[in-house]
Structures are given as C-alpha cells and as structure tokens.
Amino acid sequence: MLRKECNSAKIAVGLALCLMIIASGVPGKEPREQPEYDARYESRRLSSIGAFVVYKLYGAEGEPDRLEITVTEKALDRFTYVIRTYSGDRLVEEKTEKGTLGDTNRQFFPSELHAQGIEFSKGSEIINKTVYPTQRFRSPDGSVEVYSQQIPAGGLLKKMDPSGRILRELVEMKTGKDTDAAISQIKKDTSKSVIGITSPLSISDLAQDARKKRQEQQRPTSSGKRVVINEEAPRGALTHRASSFQEEVSLETGVPSERFASNILLLQFGFERPQASAQYYLIETTEPAIQQTPESPATVTITFAESITSLDEKTPPKALFTIDKDGKTTSTKVEITGKGIPGMKGFELLPEVVTVPPGAFSCFHVRFVIQSPLKTIVQEGKIQTTTITDKKIDYWVSNVSDCTVVVRKIEAERTQKIQCAADEPSIILSQEDVTKVKKWSLVNFSPVKK
C-alpha cells in the first residue's frame with residue numbers, strides 16, 4: 001500500500017511540476033495577473049539543517065504508518081534529506097535524497113495552471129493553535145496536495161486521493177537551526193586561486209584580527225593621549241549624526257584597510273574564479289520612496305567566461321565576463337591589475353553573519369567611501385543651487401565552494417540639493433535629500449561554468 005501511495009504521489013508531484021514548468025513558458029496568462037511564489041520552493045529555501053517533519057501514513061494494516069524527513073545538509077541551493085519510514089517503532093526503510101531549489105519553480109501563474117487542468121487555491125490550516133497560510137493543488141485526476149512555506153522540508157501539510165481519503169498528514173515538525181560550522185562554509189584552505197589573484201578566505205582568526213586593529217586604535221598617540229572609541233553607542237544614532245559617509249564609517253569604528261582593494265574582479269563582479277558563475281537578486285530603491293510598491297528584484301547572472309593572459313610586459317592580463325540581466329546579455333573585458341575602486345577609500349568593519357537566499361555565511365565586512373563628497377554650485381537668476389553627492393559601497397565577502405565570493409553588496413548614492421537666495425546664501429528656500437540604493441544578494445554560485 002505504501003509503495004502504491006508513494007508511486008501515485010510521485011506521479012502527482014511529477015505531473016504538477018511538469019505542468020508548472022510547461023506553464024512558465026506558455027503564453028495566455030491573464031492580463032496584469034500577479035505570479036504566486038511556490039510554497040514548496042519557499043519551504044526548501046527557508047529550511048535549516050536539523051529541520052524535520054513527521055507524517056502519519058494511512059495505509060493497510062501492517063504497512064508503514066509513519067514517515068520522517070530530516071534536513072541533514074544545506075549549501076547554497078543544494079540540500080540533502082534523510083527519509084525514514086516506520087511501522088510502529090520498527091524502522092522499515094531509510095534512504096537519502098538530494099535536491100536543489102532549481103527542481104521547483106520559484107513562481108507560477110494560477111491561470112496557466114488552470115489551463116493545464118490543475119486547480120489552485122489559497123487558504124489556511126490551524127496546527128497546534130497556529131494558523132499557516134496554504135496553497136492547495138488539485139490535479140486532473142482529483143488528487144489533492146496542500147502546502148505551506150512555513151512547514152520545513154518541502155512544505156507538505158497533507159495529501160489526499162481522488163476520493164478525499166487522506167494518504168499522508170503532518171503530525172509533528174521542528175524548524176531546526178543551522179550551526180556556524182555547518183552554514184558558514186569557511187574553511188582553512190590556503191590553496192592558490194586559479195589566476196593567482198588571492199587565496200580563498202580563511203577567517204578562523206577573523207574576530208581576533210578585528211580586535212587587534214581596534215586595540216591598536218586605542219593605543220596612546222605621540223602626544224600621550226589615548227584614543228578611545230565607544231563601541232556601545234547605537235549605530236543608528238551615530239549614522240544619524242554623520243554628515244557624510246566618510247564620517248559615518250568613522251563613527252561606526254571602521255578601520256582603514258586595504259583588504260580586497262586591489263581585487264578588481266571581486267569588487268566589480270563578486271568573484272574571481274575563471275569559469276565560475278554567480279546569480280544575484282538586484283533590488284534598486286530610492287529613499288524616500290518614489291512609489292508605494294517597490295519593484296520586484298531583477299535576476300542577474302554573472303559568468304567569468306575567459307581569462308586572457310598577457311602577451312608581453314606592456315599588455316596587462318584581462319578577464320572576460322558575461323552579464324545576463326532579465327534575459328539581456330552583455331559582455332565586458334577588464335584588466336585584473338590596479339585599484340578596484342579608484343577614488344574611494346576602504347574601511348573594515350566588524351565581521352558579520354549574513355543571511356541570503358542560499359543560507360547564512362560568516363563574512364568580512366568592508367566599506368568603500370568617497371573621501372570628499374562632490375560639491376557643485378549652479379546659479380540661475382536669483383536662485384543658487386548647491387548639490388552634494390556622496391557614495392559608499394558595502395561588501396560582505398565569504399568563502400563559498402572554496403572561492404572568495406561577495407554574498408551581499410549594497411551601493412548607496414546620496415544627493416543633497418540645497419536652494420538658497422543668490423544674494424543671501426543663509427536663506428534656504430528648499431532642501432532635498434535623496435538616496436539611491438542598489439542591493440545585491442547572492443542566490444547561487446557555481447565554481448564551474450554551467
């Protein structure tokens with residue numbers, strides 16, 4: 001009975017997935033219809049190591065009556081499950097399965113599913129006094145599967161056959177918790193990079209290194225005075241007082257640093273491994289917001305297509321990258337020598353654990369700021385306009401698959417416009433402060449070109 005239930009379940013799930021994949025490329029979705037995020041995809045994305053679910057199986061007498069699924073490994077979009085079936089207290093079967101987020105569509109359009117015979121609806125279920133939003137899929141044969149992204153290890157709540165009889169139902173779950181050792185992907189590997197720019201990161205002594213630099217800041221100066229930085233002050237309050245990003249990074253106890261400053265490829269593209277590729281979500285916003293609803297993130301895929309060696313001493317080595325943004329592909333060549341961000345000064349902040357769609361990573365946090373904000377003054381008639389442009393770029397860099405990779409990057413450009421009377425600059429007529437922000441978050445990284 002269990003084998004029959006599993007086979008029918010595989011057929012139903014396979015059919016649903018195939019129809020979703022087909023539907024994603026089929027025209028005919030309703031005008032202005034908004035896509036739905038697949039609860040199965042979100043469940044796997046949000047699941048942590050150690051998360052597990054227990055299902056009651058309703059089969060024939062003597063057949064397995066309990067199914068347990070445990071997340072044992074998770075790295076970027078890849079994960080591993082251990083699946084155990086029991087009959088009473090007796091272990092009947094244990095197997096390990098691997099998967100990726102790419103196995104499930106991130107989004108789908110309900111109208112396209114309907115066109116393929118799959119009825120989709122949203123609702124809610126109450127489990128242990130907690131309400132869980134659900135997605136319900138009824139296949140053409142009448143079988144039903146109910147999912148919630150808040151249920152780990154795949155999101156399944158219950159499964160029913162065409163007659164409405166429950167085949168599998170959730171009875172217990174645990175969300176799990178990723179440990180630093182399991183999720184940081186930081187290794188003490190000191191092997192050289194393929195093109196010899198840097199070695200993969202080793203940050204086992206990261207906290208000690210940061211403390212050492214701050215202790216050096218507090219040593220007595222030549223005048224005998226001791227410089228003390230108060231790290232207990234709220235960061236928000238310090239940022240609020242800062243008149244520029246240069247001042248802000250000082251108030252946040254940033255230490256001048258050359259870390260990554262000469263790594264052009266890392267700073268411009270997010271990694272330096274030839275033949276590797278990375279996928280990022282890019283969200284661009286303006287503060288204060290111009291529109292009430294923020295734009296959906298763009299998907300950007302970057303590939304290190306080719307490493308071009310120098311033919312002579314006068315010709316520097318170059319790297320060829322291809323960039324695909326929402327289906328539009330461009331390519332660019334860059335020299336791999338020189339300063340990564342000319343005109344900006346680097347500072348190192350305290351290390352952080354950063355969470356992005358693939359998981360959590362222990363990161364170096366480096367910020368580059370313009371040393372002197374650009375100031376222009378334009379006078380038109382009796383009005384004088386002063387424009388001050390300031391910029392900073394934050395990088396969170398970690399070791400991913402034995403490669404140095406930017407897992408998060410935030411660019412902020414602040415423009416202040418002050419209008420005053422030309423003959424009396426102290427009289428301010430208007431003032432505008434706008435910040436444009438670009439936020440890059442790692443979605444996937446492959447050390448070899450796919």
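Q: What does the accessible surface of the protein come to?
A: About 24,600 Å², and 51% of that belongs to carbon and sulfur atoms. Areas come from the Shrake-Rupley method with a 1.4 Å probe; for residues, only the protein chains shown count as cover. This is a predicted model: local features need pLDDT of at least 70, side-chain atom pairs count only at pLDDT 80 or more, and totals for chains, interfaces and linings use all residues. Residues are numbered from 1 along each chain as its sequence is written, and side-chain values use heavy atoms, leaving out hydrogens and water.

Q: How much of the protein is buried?
A: Buried residues are 42% of the 450. Buried means under 20% relative accessible area, exposed over 50%, partly exposed in between (1.4 Å probe, protein chains only).

Q: Which residues touch the most other members of the largest nonpolar core?
A: Phe271 and Phe445, in a core of 40 residues. Such a core is a set of buried Ala, Val, Leu, Ile, Met, Phe, Trp, Tyr and Cys residues joined through side-chain atoms within 4.5 Å.

Q: Which strand gives the most to this core?
A: Strand 18, residues 359–370, with six residues. Strands (E, at least two residues) and helices (H or I, at least four) are DSSP runs, numbered from the N terminus.

Q: What about a second core?
A: That one is separate and has 30 residues, including Leu101 and Phe108.

Q: New topic: how many helices and strands?
A: Eight helices and 22 strands.

Q: Where does Leu429 lie?
A: In strand 22, residues 424–446.

Q: Why does Leu429 count as partly exposed?
A: Because its relative accessibility is 49%.
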